[in-house]
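Trainee: Could you walk me through how to read packing in a model like this one? I'd like to see the general idea and then the case at hand.

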Amino acid sequence: MKQLIVIADMEGASGIFDSNREACYHEEMYPQGTLWRSYGRACITSDVLAVCNAAIDMGIDDILLYDMHYAGCKEYNVILEVLPAQVRVFDLEDRCVDWGRIRGQAATHPYGIVTVGQHARNGETNAYFAHTIHTPPIESFWINGIHVAEIGESVMCFSGVPFIANVGCAASHKEAMELSSTVSCITVKNKEAIWEPSREETYPIIYDGIKEAMNDYQRKVPYPEQEMYSCKMYLTDGYHFESPRKFSWRGTFSNQCAAWETHDIQTALSLFWKVHEYIKSDKDQ
Ligand SMILES: [Zn+2]
C-alpha cells in the first residue's frame with residue numbers, strides 16, 4: 001500500500017487574499033462571518049482535491065489528511081464529501097493538534113508527505129498572512145536551527161518521510177526548501193508578482209505540479225530523523241515568559257525566549273503548548 005500524508009492549512013489556499021481575508025475565518029470562531037462557508041471552504045477543497053486526484057492518478061491508494069486550520073473547531077475547512085474514497089482523515093478530537101497521535105495513525109513508512117494551503121513564516125516579506133503557528137505572541141519557533149512554522153511542524157513530525165511537494169503562497173516555499181532542498185514548490189499566489197489567480201486557474205497547476213513531483217520521486221528526500229530536537233521559542237514585543245519554579249522537561253526560560261530539547265519530535269512539538277502556557281502579556285502585570 002502506498003500511503004500519502006497530506007497536511008492542509010488555509011491561509012495559503014488559492015483564491016484567498018488580503019481583500020477577502022474573511023474567507024479564512026472559521027465560522028465557529030466568527031459566527032457573524034459568511035465568507036468562510038460561502039467561498040473559503042471551496043478554495044482549500046479545490047487545492048486538496050487537485051493534490052489527491054493527481055496522487056491517485058500516480059498510483060497512491062491511501063491518503064491520510066490532516067486539516068489543521070483552526071484546529072479545535074469541529075467542522076472541517078475541507079469539504080470532505082467531495083474527496084475521493086481513498087482519502088481518510090486522522091482520528092482527532094475536534095481536529096486538535098496531537099502530533100504523537102497523528103504520527104501513530106500513519107504507516108511506519110509512508111510513501112511521502114505533501115503540504116498544501118501553506119502560508120509563510122512570521123517575518124517573511126511579500127507574504128499573505130505570514131505567521132508562525134500563533135503570532136502574536138510567537139515571534140519565531142526554531143527546531144535544530146530551522147525557523148519552523150506549520151510546514152516545519154508537519155514535515156518534522158514525519159521526519160524520515162520524503163517531502164514531495166509544498167503547495168501555497170510563493171513566500172511559503174522558503175521554509176519548505178530549508179527542510180528539504182528537493183521539495184517541489186507549487187505556487188498558487190504571489191504577492192511580489194501581484195499574481196492572484198482563482199482556484200479554477202490553480203487547480204490544473206497543482207494537479208500537474210504534483211504529478212511532476214511524483215515523477216521525480218527518486219530525487220525527493222525527507223527531513224532526516226535526528227537523535228535530538230532542540231527547540232527555541234521567541235516572543236513578540238509586549239509578551240514575556242513567567243518562568244515556572246518547576247517543570248517536567250529539560251529546558252530553560254528567559255524573559256522572551258524558552259528553550260527545550262527532547263529525543264523525539266512528537267515530544268518536542270507537544271511541549272510547544274506546555275511552554276506556551278507560561279506566556280504572559282506585559283499588560284497583565
Ligand atoms: Zn491556518
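Trainee: Which residues does alanine 8 touch, if we skip residues up to four places away in sequence?

Mentor: Start with the rule: two residues are in contact if their C-beta atoms, placed from the backbone, lie within 7 Å. On that basis alanine 8 touches Ile44, Val48, Leu65, Tyr66, Asp67, Met68, Val78, Val116 and Gly117, leaving out residues up to four places away in sequence. Keep in mind that this is a predicted model: local features need pLDDT of at least 70, side-chain atom pairs count only at pLDDT 80 or more, and totals for chains, interfaces and linings use all residues. Numbering runs from 1 along each chain as its sequence is written.

Trainee: Which members of the largest nonpolar core touch the most other members?

Mentor: Two terms first. A residue is buried if 20 or more other C-beta atoms lie within 10 Å of its own, exposed if 12 or fewer, and partly exposed in between, with C-beta atoms placed from the backbone. A nonpolar core is a set of buried Ala, Val, Leu, Ile, Met, Phe, Trp, Tyr and Cys residues joined through C-beta atoms within 7 Å. Here the largest has 72 residues, and Val6, Ala8, Val48 and Val51 touch the most other members. Helix H1 (residues 35-57) gives the most to this core, with ten residues. Helices (H or I, at least four residues) and strands (E, at least two) are DSSP runs, numbered from the N terminus. A second, separate core has seven residues, including Ala120, Tyr128, Cys169 and Ala171.

Trainee: Which residues of H6 are buried?

Mentor: In H6, those are Ile265, Ala268, Leu269, Leu271, Phe272 and Val275. Down the helix axis they fall within an arc of 155 degrees (taken from the directions from the axis to the C-beta atoms), so they line one face of H6. They pack against helix H2 (99-105), strand S5 (138-143), helix H3 (150-157), strand S9 (229-235) and strand S12 (257-262).

Trainee: And how many of the eight residues of H3 are buried?

Mentor: Eight of eight, so to speak a mostly covered helix.

Trainee: How do I read the fold as a whole?

Mentor: Count elements, then look at burial and contact range. The protein chain has six helices and 13 strands, and 44% of its 285 residues count as buried. Among contacts between residues at least 6 apart in sequence, 71% join residues at least 24 apart. The C-alpha trace spans about 55 × 45 × 35 Å along its principal axes.
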